[in-house]
Amino acid sequence: MLTIPIYDTILLPDVTFYFKKEVIEDWNVEELEVGDVIAFAMLREDIDIDAATLEDIYPIGASARIDSIDAEGNVKVRTIERISIMDLTRDADGTIESEVVSRPEINDMDADELKERFEKLKSKFLKFVQNYQWGLWARGFILQWKNVNELACSMTGYFSVTWEEKYEIVEVDSQKERFELIEHMCYSFMELADVAENAELEQQARNESIYREDAIKKQIEILQRELDEMHPENISDVRRFEMAITESGMNEIAEKEARKVLNRMKQEGQDGHEYGMLYDYLDFVTSLSWKNEEYVPIDLNKAEEILDKEHYGLKKVKSRIIQQLAVMALNKKQSGSILLFVGAPGTGKTSIGQSIAEALGRKYVRISLGGVRDEAEIRGHRRTYIGAMPGRIMEGMKRSGASNPVMVLDEVDKLVRDYGGDPSSALLEVLDPEQNNSFTDHYMNVPYDLSNVLFVCTANSTDTIPEPLLNRMEIIEFPGYTATEKFQIAKKHLIPKAMKATGIRRKNMTVTDTAIKAIISDYTMESGVRGLKKQIETVMRYGAVQLVKGNNEKISVKPANLREFIGHRGISHDIIDKKSIPGVVTGLAWTMAGGEILFIETKTVHGSGKITITGQLGDVMKESVEIAISLVKDMYPVETRNISKYDLHVHVPEGAVPKDGPSAGITIVTALTSLFTGKAVDPRIAMTGEISLRGNVMPIGGLPEKLMAAVRAGVKTVYIPEKNVEDLEDVADEVKKELKIIPVKKIKEVIDQVM
């Protein structure tokens, strides 16, 4: 059968087509006659007909009969049926012949239904074109359609679909499926045309040249806004997040990521299994404060007033904080070092962060890092994990609701390194002013500016803080409170707060000054006031019980009845012995709760030179014992010549409490010297300092706490390393007045003066 390849024109049965003479000439057909039946093959691509092969055509085409040929050579054909093209051959003159077989259709659609739906579609087109200037011409064109095939063949050229999608209409065998394809394309075309027309009108009204997509978005936004105003309680999640992203002021990278997630959320729908995860992410990033807060001038006088009001003592600490605020006031921005407050529990490290926030007029947020062992708790989990969460830093930023809060990172010395990573390394970027302006939490996956945050860190000790992290911060020691300072804190702060918390009025209950002092000396032992606060609250709770039971008399707490309120003494501090014993010397130790005195006890018994060390001493103190033995042998060769005939026992009381640290060296040497020489050391003399094999007294830490412990225990004279003299500036004057403090360089100086 004579075959004509065509491109981008679909042919369905029972449709009339007109071909102009110019088109006919491209077919390489010498002569056509009325009544001839020809085949139309549909090209896959727009190529030259002369080069077409079987691989270049779709397997299904259409047969058609030539109805007429006018005087000018234009041809009118009427399609007959769909055909399957099996083979192509080309004659010497270029005419294409093919082997074809009929392609029957599946008549699976009721004739009445087909007619009804076709008339409905036709009516829809008539209504559609009446809004356009070319509608009158189009109306006459539409009225000529006799079946859905004519509609499809005449309209698909206007549809925004691919050639492959057009061919799908020809390819499908089911009459019902073909109608549904045609129907879908028609309705889509009309909807898109309406949107395009409306967008064009809006563009003209605004006299702007915008793209069609922008016009659609604008129109949707306008309609959605009207719906939101009419029913504000029914604003969709998508719309709410769209507004939140627009108003958040987030940076370009963050906004791009947020809109990407929002698009995924739209596609997912509320029933999608990832909808909740996407919702949580958008809720988090839009809850953050992305805009820079307006600068608020810093009033140093007000800051000093707030610090003095909330915290008694701590003059050096307050002075350093005021210096930091002064630098920020001059630069009108966040600047200065990251402050690390180091001291015993209850000394006000965390609460002073609240005072700083109040002084600056900023939000306050506290993050506890104690026991954190997973790096993801700092940097967040990647969203690919189930149950992913942001890190504690960004979670704190969300809670603060500001971009420049005062953030207290509590207990940085309690970070734990294990298989989950090194959380302290994750903090390096957070606490580096040169890097944290683009901190990226793994959960957010976009940079966030932390450079405006005032970070304050706290720790009980610096021993467990890695050196790189420690270098990021400036250490400020919290030496702890003296008994006098504790008394003032209790009277001015703790007792009024405890009364308010328990509902007790001052007229109903009083706590005498002597009772306060008794609580401090007999019921607490730490450098801070946390234990003192608990004991005062215990007193108030007992008083509350008495008042509720009907005790109308005014309750007075005195030392005589203190046990009735609190119970037996919970703390028994070591105090110096009244009797001097050779081989026993008083030392000073630092603990997490403050300072304590430490007795070094030595004894020899007949044996074989065995050395026994008891009292749960750590490796450092065991080494100090070995060094001390060597020094004593060297300094007193005569007294120690028979040491191999004796077993030496070194003991530090309270064996259940682990003890370690580089500060007991000179005490052990003095105790051994006292033992071997038989000369007792006055128990009112205490000492602290590490020792070297050359007899040098090495510096130690925690001097203020140790000296306070010495005063409490009744010590009168203390020997300290000469290199620790500068640390005496941090010691309260009332402590220094009670003690004779003697700096020493060599252990020989200590031995000569105490024996």
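**Exercise 1.** What percentage of the 755 residues in the protein do buried residues make up?

*Solution.* First, the ground rules. This is a predicted model, where local features need pLDDT of at least 70, side-chain atom pairs count only at pLDDT 80 or more, and totals for chains, interfaces and linings use all residues. Residues are numbered from 1 along each chain as its sequence is written, and side-chain values use heavy atoms, with hydrogens and water left out. Next, the cut-offs: buried is under 20% relative accessible area, exposed is over 50%, and partly exposed lies in between (1.4 Å probe, protein chains only). With that, the buried share comes to 46%.

**Exercise 2.** Work out how strand β9 sits among its neighbours.

*Solution.* Start with the term: strands are DSSP runs (E, at least two residues) and helices likewise (H or I, at least four), numbered from the N terminus. β9 covers residues 406-410, and five of its five residues are buried. β8 (residues 364-368) runs parallel to β9, joined by five bridges, with S368 opposite D410. β12 (residues 454-459) also pairs with β9 in the parallel sense, over four bridges; there, F455 is the bridge partner of M407.

How values were computed
Pairing = 2+ DSSP bridges.
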